Amino acid sequence: EVDELHDAVGKRIAELVGSQAAMVTAGAASALTLGTAGVLTGTDRQKVNQIPDLTGMKNEVIVQKSHRFPYDHAIRNTGVKMVEVTTRAELERAVNEKTAMLFFLNYANNHGEIKDAEFVEIGKKAGILTFNDCAADVHPVENVSKWIKMGFDLVCFSGGKALMAPQSSGLL
Ligand SMILES: *Cc1c(COP(=O)(O)O)cnc(C)c1O
């Protein structure tokens, strides 16, 4: 059963990288959509069926302005809107009952005022999940665990880049 294989592979990868769970996706972009969708719906079947109509659900993802990029379309596919901030104070003010997630773009770490570890700290303090897109940032190989250890709730990697897996694969 491919479903069972998929779950078993995810479980094994989670053991290897030290995360609570893992899933092989159809690329990092796919992981962005699936991870955000999971944050929005949890295991609620009705919500799973409802998205991208987010009526009555959380619908905002906060992101630093310098962390916007073309692939964030994969996040917006779930129906959320991106709320841009620049400073820590702006981010903390932007958090409200509609905030679903805080998104971080790993390669833009040095472009924004808020760096990775501080971003995690803000998320934990606010009780909002953080997602770091590390698609191409595997070398050294220990990096597959680095941002999980740092405390990000979700991270993704592209299989078609330094993981040297098939092009149309990725990890959430
Ligand atoms: C390449 C890349 C993606 C998309 O990766 P795919 O595996 O091709 O879907 C997403 N985010 C970032 C930061 C990337 O560099």
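## The ligand's pocket

On a 1 Å grid over the protein atoms alone, a pocket is an open set of points with protein on both sides within 12 Å along at least five of seven lines. A cavity, by contrast, is a set of points where a 1.4 Å probe fits but cannot get out. A molecule sits in either one if more than half of its atoms lie within 2 Å of its grid points. Here, the ligand takes up the space of the second largest pocket.

This is a predicted model: local features need pLDDT of at least 70, side-chain atom pairs count only at pLDDT 80 or more, and totals for chains, interfaces and linings use all residues. Residues are numbered from 1 along each chain as its sequence is written, and side-chain values use heavy atoms, with hydrogens and water left out.

## Around the ligand

Which residues are around the ligand? They are Gly 27, Ala 28, Ala 29, Phe 69, Tyr 71, Leu 105, Tyr 107, Asp 133, Ala 135, Ser 158, Lys 161 and Ser 169.

Now the polar contacts (pairs of N or O atoms within 3.5 Å). A polar side-chain atom of Lys 161 is 2.6 Å from a ligand oxygen. For Ser 158, a side-chain N or O atom is 2.7 Å from an oxygen of the ligand. Ala 29 uses a polar backbone atom, 2.9 Å from a ligand oxygen. On its own, the ligand has 390 Å² of accessible area (Shrake-Rupley method, 1.4 Å probe), and the protein covers 87% of it.

## The sheet

Strands are DSSP runs of E, at least two residues long; helices are runs of H or I, at least four. Two strands pair if DSSP finds at least two bridges between them. Seven strands form an open sheet with mixed pairing, in the order β1-β7-β6-β5-β4-β2-β3. β1 (24–25) and β3 (81–85) stand at the edges with a single partner each, so one side of each has no neighbour in the sheet.

β1 pairs with β7 (residues 170–171) in the antiparallel sense, over two bridges. Thr 25 stands opposite Gly 170.

## Backbone details in loops

The peptide bond from Ile 51 to Pro 52 is cis, with omega near 10°. Pro 52 is in the loop between α3 (45–50) and β2 (60–64). The bond from His 139 to Pro 140 is also cis, with omega near 0°.

Definitions and conventions:
A residue is near a molecule or strand if one of its heavy atoms lies within 4 Å of it. A polar contact is a pair of N or O atoms within 3.5 Å; within protein, one must be able to donate a hydrogen and the other to accept it, and residues adjacent in sequence count only if both atoms are side-chain atoms. On a 1 Å grid over the protein atoms alone, a cavity is a set of points where a 1.4 Å probe fits but cannot get out, and a pocket is an open set with protein on both sides within 12 Å along at least five of seven lines; lining residues have an atom within 4 Å of a point.
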